Each structure stands twice: as C-alpha cells, then as structure tokens.
Amino acid sequence: MASTEASKSGMDTTNKQNSSSQNHSPLFKRSYCRTMSGQSTAGIIVIGDEILKGQTLDTNSNFLCKKFFTLGVKVQKISVICDEVDAIADEVALFSEKFTHVITSGGIGPTHDDMTFEGVAKAFGLKTEFHPELVERITHWFHTTDMTSPEMKMAKIPETSQLRFGIDPKTNKPSLYPLVSVRNVYLFPGIPNLLEKAFIMLGDIFQNPDVKFHTDTIYIDRDEASIASIITDVANRYKEDDVVIGSYPNLTNSYYKVKITIESTNPNKIQEVHKEMTEKMPEGSVVVYDLDPLHSAVQAVYSFMENPNKDDQFIQCVQAAIRTIETALEKYSLTDICIGFNGGKDCTALLHLFYAVVKKKYPNLDLKLQALYIRSRCRFPEVEKFVQLSRDRYNMEMLHYDGRIKECLETMASDRPNIKAVIMGTRATDPYSAHLEEFSMTDPNWPQVMRVNPMLHWQYSHVWQFIRQLSLPYCSLYDRGYTSLGSMDNTHPNPLLQYVDRRGVLTYKPAYMLESGEHERDGRNT
Ligand SMILES: Cc1cc2nc3c(=O)[nH]c(=O)nc-3n(C[C@H](O)[C@H](O)[C@H](O)COP(=O)(O)OP(=O)(O)OC[C@H]3O[C@@H](n4cnc5c(N)ncnc54)[C@H](O)[C@@H]3O)c2cc1C
Ligand SMILES: NC(=O)C1=CN([C@@H]2O[C@H](COP(=O)(O)OP(=O)(O)OC[C@H]3O[C@@H](n4cnc5c(N)ncnc54)[C@H](O)[C@@H]3O)[C@@H](O)[C@H]2O)C=CC1
Ligand SMILES: [Co+2]
Ligand SMILES: [K+]
Ligand SMILES: [Mg+2]
C-alpha cells in the first residue's frame, strides 16, 4: 500500500520532492505572520457550505488555534471554503506548500456533500481508493460489505494516505476511528466534538519537540494610542531577535486597557523585553492583574492570614471575615448555608472569600455553592448580567426569588427548609445594621434564618481594596460612577464622582475612587 507518491502519480519528483521537503522546513521565509526560528506553521481550512451560509458558527478553527498556540505552532491562516472538490484541491495545494501543517475540518463523512477526500487527492494529483484497513473497520462497524454504500464512501481515501490511531485518554486504548493524513495535510471530521477529541488524542504530532515557546503578558492601564510609540519602539529594537510582541486593547476590562504579549523561544529575551517595556511605560500605568483570580483564590485569600501587620485595619478586617466564614462552616453544612448574592460590590468580595474558605475546607468539592438572589423590581440589566456571570464563574446554584425580601424569605423557608443561614455582605454602616453582629438571627417577625455578616466592620475603601487587589470582576455600573446599587428608579451615579473629561463630556470616576466612604449612598434616592 505504501507506494511513493512519485511512481503513482508520475509526477516529476525532483522539484516537487525538494519543494515539498523544502517547505517542510519551518525556516522558509514566505510565511505570512512573523514566526520565530524553529517555529512550525499551520494553516486551517474549514470546509462546509453550512459555515458559509451562516447556518453553523465555526468553532473548530478557534479550538485549533488555541491548541496550536499551546503547542508553539504558529497558525498563519484560516480559510473557510465550500464543499466543492476544486475549491478544496486549490486551497489544500496552496496551504500544503506554504505551511508546515495543514488541517482540514469537515467533509469526510458518508453524505454526498462530503468531498474532502476527493479534493485532497486532486490537490496532489492522486486517485482515491478503498483503504483495506478502513474497509474492514466500516464493514465490521456498519455491517455492510456493499462497496457502493454511503458508509463505505468513508473508506475511499487518497492513495498514499496515512492512518493515525491516537490513544483515547479515557479508555487508554487506540481510538476507534483513525485520522487520515496525506503528506502534511490532516483531515479532521467537521463535528466539533469529534474534531476536538481527535485533536486531543493526536495533537502532539504537531509539537516541535526541540523548541519550547515562552509567553509573557504585561497589562497597562492607559489607552493604546498613548503608549503605542513605546510599544512600537521596543518591538523595533527586538525585530531581529526571536521575539514577537503583540498589543491588544480592551475597552471593557475594569483593570487594564492594553494587554501586551511577548513570545519567544528564549526566556532571557522575554525578561529583557519585559524589563525594558515596563521601564518605558508611564509611571503607575503597569498593573498587576490576575486573569483568573479563582485559580489562585485559596492561596491569595489565605495569604492575608499570614500577614503579621497587626495595625493594618484592612488586613484585620479580611482576617476577621475569613474567621467568621470558617466559624459559619463549622456550624453549618454546605446544604444548610447560602450566600446572599445581589451582584453588589460587598457580596462580590464576600463571594470570593466564601469560595476560598470553602475550597480550602473541602478541596475536592464538586457541590455547587448555594446563592440566594432576591430580585427587586426594575433592576439594572448590568446587575442581572453580572449575577449570571458570577453564577457561572463560581459554579453557584442560584435560588431566585422576585419581590420583597421578607416575603421571598418566607417562600424560601417553605421550599428550602434546609437553608438555616445566609452569609451576607452587610456592613455596620448599612441602614439598620449598626446593631448587627457577625451572627444575628433575623428579627423575630422575619422568617428565622441566621444572618452571617463577615464584613460587618469593613469600610467602603476596604471592599474596593480587596476587590481590586485580587483583580476580581465586578458589576460594570461601578466603573460608571455608581457607588451603591439599588433599583433603577432609586439609584444614580454618585455626584461626588462627577467630572468633565478633556472632551468636555460629563463623566464619572469609578466607584473605587470615592474618597469618603460615608458618601457611598449619595447616589441613592431612598
Ligand atoms: C437574608 C436576608 C435577611 C434579612 N433579614 C432582615 C431582618 O431580619 N430584619 C430587617 O429589618 N431586614 C432584614 N433584611 C433586609 C436587610 O436589612 C436590607 O434591607 C437588605 O438586605 C438590603 O440591604 P442594602 O440595601 O444595604 O443592600 P446590600 O448592602 O447589598 O445588602 C447587604 C448584603 O445583604 C445581602 N442582600 C441584600 N439584598 C439582597 C438581595 N436582594 N438578594 C440577595 N442578597 C441580598 C447581600 O449579601 C448583600 O451583600 C434581610 C435581608 C436579607 C437578604
Ligand atoms: N468519529 C470520527 O472521528 C469520524 C466520523 N466520521 C463521520 O463523518 C461524519 C461527520 O464528519 P464530516 O462529514 O466531516 O462533518 P461535516 O463536514 O458533514 O459537518 C458535520 C456538522 O458539523 C458541524 N460543523 C462542521 N464544521 C464545523 C466548524 N468548523 N465549526 C463548528 N461546527 C462545524 C456542522 O453542524 C456540520 O453540519 C459523521 O457521519 C461521522 O460519523 C468520519 C470520519 C471520522
Ligand atoms: Co459530512
Ligand atoms: K455537511
Ligand atoms: Mg461539511
């Protein structure tokens, strides 16, 4: 079976062989995007009428780009083409020339519109033929020996194809269905979870064993235009080195406006560029930002416990909050307790504390945290959205109720009698909260649950210090001058944060810039 391409297709092997072997060397110069020496490149061809008709959103190419990035392979181009033999042949021939690896997604199934095998064969001037091993599998699988059946069509692949069976990580056995490749072209099925499974099993064949890629990220809290010359200047100085610098503005993140990425095969180079770039940036513009604060939640939260600084009020408050939550978890099991989460800043800080203390106490927990969310009428859509995002981020089971808090608690008492305690972000400066303690039952004329208030003595500034120090996401309204959230008809941005920006537009500073915490409710009519 394994015949060399030359004899089969009678092609002039010299220049074909050289050129194809030549373009296998990752060093060839005509690549589109900058690559580092030794770096392999890839091209992705998404095949499917359904994509071009907008009926199916292409997720395969994004999945493949993420995977290739971690493998250190530089994806240079993605193209989406229709299920047509000539379109496939042309694109595959071009990509096979230009890139180290070519991935096709789609069109290898049994239906009439699956033409990828014919297309790839045509790209290399090959015929398709029944591959004995695939015939045998398909016969056995679909119980058919009819060579004209649609199923058997999947066994008709380009001559000289290679079959690759990965090891299924779940069963640790060879995968049932092989991946077909022809030269440097790998033909994946279009169905996302089949493509993803196949790639996860086989992706290592694309890894450059001898080159390791390092990436580093710098976050800047200035708009990109104001620092573009610095970035360009540094990038030019390292143009000839094995360094690729990227700049990515982000208009919605609460912590940074530009993310700078530095990629290189040489870790020392990365250090050098990092140092030079950060030194050249404006004073105070480089921010420490944690992309995934949940990942480091336990370590970050419990590092406060090790902080010996006895007279730092903020540290004391955080330590006290951790201890109160730990005590609550001694008294109540996770089914007895829930967190009152209404998307506000206080319970945003509280949720992270609660999450970290629970994770420390129950490291292998797969239980969802229970959260109570009583929705007031005409609530802000931004709050609603943030509550959903937080639910997913912290894997919470939301107990939703609509209406007045007291009634909702009554309803909860009957349909969730297991809830005995609610952890809340109440602070003593909240209305009617001065008398509260860390553990205070609800008032006698209220449904009886234990209110747990770990943040009772936190000041307004402590809440923001905690949130921002840990890069916690928070409701976007707080970046627009809202300092305390009620419903839309009784809340507006805090007048104390108001200012006129350089274009003469009236804007508001973010909530964390409010100096005097006692004015936190100046934006509330009630
Ligand atoms: C579980 C619970 C028990 C209560 N018990 C009493 C009581 O016994 N006597 C009494 O007079 N008042 C009680 N209240 C009402 C409370 O005193 C406040 O009026 C109410 O929490 C709104 O506080 P706030 O406007 O300061 O908002 P926040 O400052 O946002 O409230 C502080 C914390 O309460 C929790 N919380 C507030 N509103 C909600 C909500 N809609 N959904 C989920 N969690 C929320 C959050 O954890 C929040 O961090 C209770 C409220 C709750 C949620
Ligand atoms: N198990 C396996 O690994 C293999 C299975 N097959 C068979 O082939 C058929 C499916 O393979 P193909 O014909 O290649 O699929 P296809 O090209 O027919 O696409 C199938 C469906 O996958 C989705 N899809 C396609 N491209 C996508 C993209 N880029 N992003 C997101 N979604 C996308 C679309 O919903 C499309 O209708 C099935 O019948 C399967 O049994 C064939 C080979 C391998
Ligand atoms: Co198909
Ligand atoms: K199809
Ligand atoms: Mg298709």
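Me: With which residue does K361 form a salt bridge, and how far apart are the closest N and O atoms?

Reply: Please note at the outset that this model is predicted. A salt bridge is a side-chain nitrogen of Lys or Arg within 4 Å of a carboxyl oxygen of Asp or Glu. Here K361 is joined to E330, and the closest N and O atoms are 3.2 Å apart. The pair links distant parts of the chain, since K361 belongs to helix α14 and E330 to helix α13, 31 residues apart.

Me: Is E330 buried or exposed?

Reply: Buried means under 20% relative accessible area, and exposed means over 50%. At 59% relative accessibility, E330 counts as exposed, whereas K361, at 35%, counts as partly exposed.

Me: Which residue forms a salt bridge with R427?

Reply: The partner of R427 is D346, with 3.0 Å between the closest N and O atoms. R427 is buried, at 1% relative accessibility, and D346 is buried at 13%.

Me: Where in the chain are D430 and R521, whose side chains also meet in a salt bridge?

Reply: D430 is in the loop between β16 and β17, while R521 is in the segment after β20, 91 residues apart. Their N-to-O distance is 3.7 Å. D430 is buried, with a relative accessible area of 14%, and R521 is partly exposed at 28%.

Me: How many salt bridges does the model contain by this rule?

Reply: The count comes to 26. Some residues are linked in a network of salt bridges: D233, R237, E276 and K280.

Me: Let us turn to strands. Why is strand β1 described as largely enclosed?

Reply: One examines the accessibility of each residue in the strand. Seven of the seven residues of β1 (residues 41-47) are buried, so the strand is largely enclosed by the rest of the structure. Both faces are covered: T41, G43, I45 and I47 are buried on one side, and A42, I44 and V46 on the other.

Me: In which sense does β1 pair with β2 and β3?

Reply: β1 pairs with β2 in the parallel sense over seven bridges, and V46 has V80 as its bridge partner in β2. The pairing of β1 with β3 is also parallel, over five bridges; there, I44 has I103 as its bridge partner.

Me: In what order do the strands of the four-stranded open sheet lie?

Reply: The order is β10-β11-β9-β12, with antiparallel pairing. The edge strands, β10 and β12, each pair on one side only.

Notes
Residues numbered from 1 in each chain as written. Chains lettered and ligands numbered in written order. Predicted model: local features only at pLDDT ≥ 70, side-chain atom pairs only at ≥ 80, totals over all residues. Heavy atoms only, no water. Pairing = 2+ DSSP bridges. Helix = DSSP H or I, 4+ residues; strand = E, 2+ residues; numbered from the N terminus. Buried < 20%, exposed > 50% of the residue type's maximum accessible area, 1.4 Å probe, protein only.
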